[in-house]
Amino acid sequence: MMRSAAVFFFLACVIHSNIAASPEVMSVVSFARSNAVESISLAQDLLKALESGDKNASIAAYTALRPNYEEIEHLYEVFGDTDSDIDARPYAYPYGEAFSAQLTEIPGAIFKGSHKIEAMLFREDDLPGAVSWTEQLIKDYETLIEKLDDPSDYTPEAIMHGVAELAYEVAKKKISSEEETYSDLSILIFYHNLAGIKNIMEPWVEALEESNPDSAQGLIKSIDAANATLAPYVLRDGDGNVVGYEPYSSVNVTTRRKIQKSFYDVGLAVEDAADSLGIELVDPSESGEAGEGEAESSDECTPYVETASFSNESPQIQNGLAYFSALMPYAVQESENFVEVLKSGDVDAAKSAYLSTRPIYEQVEVLAPSFIDIDEALDAREYIYFRGELDDSFRGFHRVERLLFGENVISNDTISLAEDIVDNLKDLQGRLENSSEDFNSANAWDGIAGLASEVPSKKISSEEETFSDLSLMIFYNNWKGIWSQIYPFCDDAPKECEEVAKAIQDARDCLGINTNDDITAVSAANVTGDSISNLLNADYKSYANAAMDTRKCIIDKGYAVRDAVVSMGNALNVFDDCSDFYELKFINYPERTTKLDVSEYEGDSAEAESEAGEAGEAGEAGGIYQEDETSSSRGFLVNLSLTILGTVVGAVFI
């Protein structure tokens, strides 16, 4: 029996290896492996610089390290957890930047890698603290090389999907500076993502020219056009060698919009090239899979711990809703005024009026888990859609923001979108006044803790209000909204409530905004014409001009808000054992020092690694690409090899 299994195992490996390793794929994997090998040497240079205590040398070494991975991260679908360990941002993890030393070497468990080092070096000015994270990064690059040893794990479908996704990723997400937030090296990221696209697509260009010359020319022209938008910000010596990059903070909104559009064009050209070559790509929104730099969805969980439950009829929930209900008429009114200003055609006046539409919803969104459909219609960012802004589903405030601040014009589309905002706000107003069972403590505290975590782990990068530069307004009103829904619970957990109140006031003080608004005044009785005027007419300041100390303060105090909120939620017993915020699972910032049960993380990691392996072997690209069984004999043989592997020795193979 063992001999038979071994024979089947050998045959399956031969079939699988022979099928997947086409010349094009071999070329791409060779390119990626070369970059990964060089990255180890560059990471060792960074480690030496950090250990020497020379900050300038460390910054130079960090800058030299980053390009190589940015040229190959397009293969993230096969890299799996290793991509997260090398390049994920804090928002990919439920606890943001918080960590437990127990989880450091567990794949995909906590925030580490390049962006952890970036934060330590540029934000914290902590070179000694970055040393151990760089040592871990070297180990993770060694793991990456192992994943590049077998080209048969890679398919044209997985590769091209990753290329298209990265092009869209720049346009819909990275354009906000959410990557390299503290180093100000976003131009480096864009330039080398684009270089990777060019190098990875190159092996298919000859076949593309034969099958569809127009598609081939479209791909080449789109890459050249994107390069042209970046060229003025890529510094070169007299011989044309790249020697540096202009700070992204020096790039104006108009140019950022041009860069954004050029990468959308590249994404479309890659999709067209794949179609011309008969390579099928599937929209990840249809498959439920995570994209580059995103956390994988957790398996469904059955809670065993009983929690306290506050229904929509409880005074705690009703008092919070009463405050929001008092605000909503003003939100509707300001949005109606905004529509009228848009119709006047005055762009500057419209930008000013836009600001007044935003603060109230940024408070109310804390309850978004109770009205997910309206929240998406009003406040979704383009990155939740595969093709970003090109998707007609992307509407609401941020679609208007892109058109008004990015294009600097008012179109009929802008007016129509603004009118939709009014309609959605009126719908929301009705739901708040006639609350359904969706308004309960489980959803409320999910929103409270989630939003409290999102400010320091995600919104800090200016990923919201990217073009209008209103992030400080977002932070202030998110925190006020959080407090408004916590305040009605204060009699049930007075000590913890005081801690939340102090944390929110400390966080507010980081912002340096000028306002007569009182962040703690959150009852319906506090809502008056004067209070609304104070809220809307505050001088929220430019986030683009915020100093690094201000950003660091927002992160430190923002996580303090999150941790205080979670502590209060656990005191109230509103988090069950499936929640990331349950006290026995939660990791506080900056580090959980008490013992943590890591079995859950090990299990998830092992399962995720197994699933990634199976998907790679099946040619499914982590579930995103799903090949039609009848499309080719190659698909049949791949499925055959997977069946043999899975039923006989799948676990051993993986």
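This is a predicted model: local features need pLDDT of at least 70, side-chain atom pairs count only at pLDDT 80 or more; totals for chains, interfaces and linings use all residues.
**View 1. Helices H17 and H18 pack against each other.** Helix H17 covers residues 396-406, and helix H18 covers residues 412-433. Their axes lie 9 Å apart and form an angle of about 155°. Angles over 145 degrees count as roughly antiparallel, so H17 is roughly antiparallel to H18. The crossing of the two helices is left-handed. On the H17 side, the contact is made by Gly 396, Phe 397, Arg 399, Val 400 and Leu 403. Their partners in H18 are Thr 414, Leu 417, Ala 418 and Ile 421. Sorted by type, the residues of this contact are six nonpolar, two polar and one charged.

**View 2. Ile 187 belongs to the largest nonpolar core.** This core has 187 residues. The members that touch the most other members are Ile 187, Phe 190, Trp 445, Phe 475, Trp 479, Ile 482 and Val 565. Helix H2, residues 23-52, gives the most to the core, with 13 residues. Leaving out residues up to four places away in sequence, Ile 187 touches Leu 230, Tyr 233, Val 234, Tyr 245, Glu 246, Tyr 248, Val 251 and Ile 259.

**View 3. Glu 135 sits in helix H7.** Helix H7 spans residues 127-147. Glu 135 has a relative accessible area of 37%, so this residue is partly exposed. Leaving out residues up to four places away in sequence, Glu 135 touches Leu 47 and Glu 51. Gly 113 is 22 residues from Glu 135 in sequence, and the C-alpha atoms of the two are 9.6 Å apart in space.

Definitions and conventions: Residues are numbered from 1 along each chain as its sequence is written. Side-chain values use heavy atoms; hydrogens and water are left out. Axes are lines fitted to C-alpha atoms, for helices over the stretch in contact, and angles run from 0 to 180 degrees between N-to-C directions. Helices (H or I, at least four residues) and strands (E, at least two) are DSSP runs, numbered from the N terminus. Angles under 35 degrees count as roughly parallel, over 145 as roughly antiparallel, 65 to 115 as roughly perpendicular and the rest as oblique. A crossing is left-handed if the near helix is turned anticlockwise from the far one by less than a right angle, and right-handed if clockwise. Contact means heavy atoms within 4.5 Å. Ala, Val, Leu, Ile, Met, Phe, Trp, Tyr, Cys and Pro count as nonpolar, Asp, Glu, Lys and Arg as charged, and the others, Gly among them, as polar. A nonpolar core is a set of buried Ala, Val, Leu, Ile, Met, Phe, Trp, Tyr and Cys residues joined through side-chain atoms within 4.5 Å. Buried means under 20% relative accessible area, exposed over 50%, partly exposed in between (1.4 Å probe, protein chains only).
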